[in-house]
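Hi everyone, thanks for coming. Please have a look at the sequence and the fold on the screen, and I'll walk you through a few parts of it.

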Amino acid sequence: MNLLVTGCCGFIGSNFVKLLLAERPGWRIANLDALTYAGNRANLEDEEKNSPDYFFCHGDIRRPEDVERAIGMLPGPVDAIVNFAAESHVDNSIRNPGLFVETNVGGTAVLLQAARAKKCRFLQVSTDEVYGSLGPTGLFTEETPLAPNSPYSASKASADLMVMAWRRTYGLDALVTRCSNNYGPYQFPEKLIPLALTRLMTGGKIPIYGRGENVRDWLYVEDHCRGILLALEKGKAGEVYNIGGFNEWRNVDIARELLRLTGNGEDRLEYVADRLGHDRRYAIDSSKIARELGWRPLRTFETGLPETVRWYEEHRAWWEALLDRRAP
Ligand SMILES: NC(=O)c1ccc[n+]([C@@H]2O[C@H](COP(=O)([O-])OP(=O)(O)OC[C@H]3O[C@@H](n4cnc5c(N)ncnc54)[C@H](O)[C@@H]3O)[C@@H](O)[C@H]2O)c1
């Protein structure tokens, strides 16, 4: 396989590349990444130095010539494009929605055109946030209507709709995965778990939006990556596959669990003004990918969360180098 992956200097993409190089020997991977504030080339430094099958291309998915250049780094015709590249933080999308439209919608359209021209498979890495917000009960299935509430989730939903339109209009071999909140190594310290850990490790407090009652489903990043790989290899064109952990937590309870794992007390919580339009609850039904493709998560919070805490404790230099980086 010759694969173009995008945005793999970020959190999930860098874990995906590591998984592929370990478990799919012989696959060649070109990574196109614009190295925004969230992109960190050091995440794949060892792979860049040591793996003859990994190629890094500094460039932007919004620029067709950059996409072409990245594809040109592969030793043979490209078999698939997997799109991780995105602006990914809801808070930033509230401040700067235009950038989210340009990257997440415009960039995806450029990649879809490249996949069409190369007649290759296209997998869009999407999010459960496109479904909007749930009440206290129920789960998002692949049939749940799209009802995004933030500029971030609206831009991701728009990209998903374009993928399906390219499938129907041009017959593109395209599919979408939608995952719940990820946690694990290499996550930029702006998202809840690494933000909390890095605040605690620098003597600060964990900021909690509102009363911390918003509920999210959490999945270990490698389990997400295994789901994407299964969908890439065995998924049906035109389908959506939800990926989630059946692991719902209120934000305040995660914060308390992190306090417990790091030996801190409740005095290290700080309640702050709620996010605008904050979605109440996300919870995902991932039984389709389990039933049709045989996916199941290998980690639970009981194992994955302590491992993640340890990773941030042992990789202080990695996250300290990122603390001054700010989204535009
Ligand atoms: N983090 C989660 O919990 C989560 C859950 C579900 C889905 N997703 C989706 O998974 C994907 C990856 O998320 P993440 O958390 O790894 O994001 P991230 O913010 O950590 O990384 C994004 C990467 O994309 C790159 N990028 C941004 N704009 C680019 C552009 N114009 N051209 C090329 N590269 C560009 C950045 O440099 C960075 O390396 C996103 O599409 C996101 O919507 C994330």
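Let's start with helix α7, residues 192-201, where L192, I193, P194, A196, L197 and L200 are buried. By buried I mean that 20 or more other C-beta atoms lie within 10 Å of the residue's own; exposed is 12 or fewer, partly exposed is in between, and the C-beta atoms are placed from the backbone. This is a predicted model, so local features need pLDDT of at least 70 and side-chain atom pairs count only at pLDDT 80 or more, while totals for chains, interfaces and linings use all residues. Residues are numbered from 1 along each chain as its sequence is written. Helices (H or I, at least four residues) and strands (E, at least two) are DSSP runs, numbered from the N terminus.

What covers those buried residues of α7? The cover includes β7 (181-183), β8 (206-209), α9 (251-261), α11 (301-314) and α12 (316-320). Contact here means that two C-beta atoms, placed from the backbone, lie within 7 Å. After α7 comes G203, with a positive phi near 85 degrees.

Now to a helix pair. Helix α1 (residues 11-23) packs against helix α8 (residues 221-234) at an angle of about 65 degrees, and their axes are 9 Å apart. Axes are lines fitted to C-alpha atoms, for helices over the stretch in contact, and angles run from 0 to 180 degrees between N-to-C directions. α1 and α8 are therefore roughly perpendicular to each other; that label covers 65 to 115 degrees, with under 35 roughly parallel, over 145 roughly antiparallel and the rest oblique. On the α1 side F11, I12, N15, F16 and L19 take part, and they meet V221, E222, H224, C225, R226, I228 and L229 in α8. By class, that contact has eight nonpolar, two polar and two charged residues. Nonpolar covers Ala, Val, Leu, Ile, Met, Phe, Trp, Tyr, Cys and Pro, charged covers Asp, Glu, Lys and Arg, and the others, Gly among them, are polar.

On to the sheets. Seven strands form an open sheet in the order β3-β2-β1-β4-β5-β6-β10, with parallel pairing. The edge strands are β3 (54-58) and β10 (240-243), each pairing on one side only. To pair, two strands need at least two bridges found by DSSP.

K119 is partly exposed, with 13 other C-beta atoms within 10 Å.

Last, the other sheet: three strands in the order β7-β9-β11, open, with mixed pairing. β7 and β11 stand at the edges with a single partner strand each, so one side of each is left without a neighbour in the sheet. Three bridges join β9 (residues 215-220) to β11 in the antiparallel sense, and D217 stands opposite E248 in β11.
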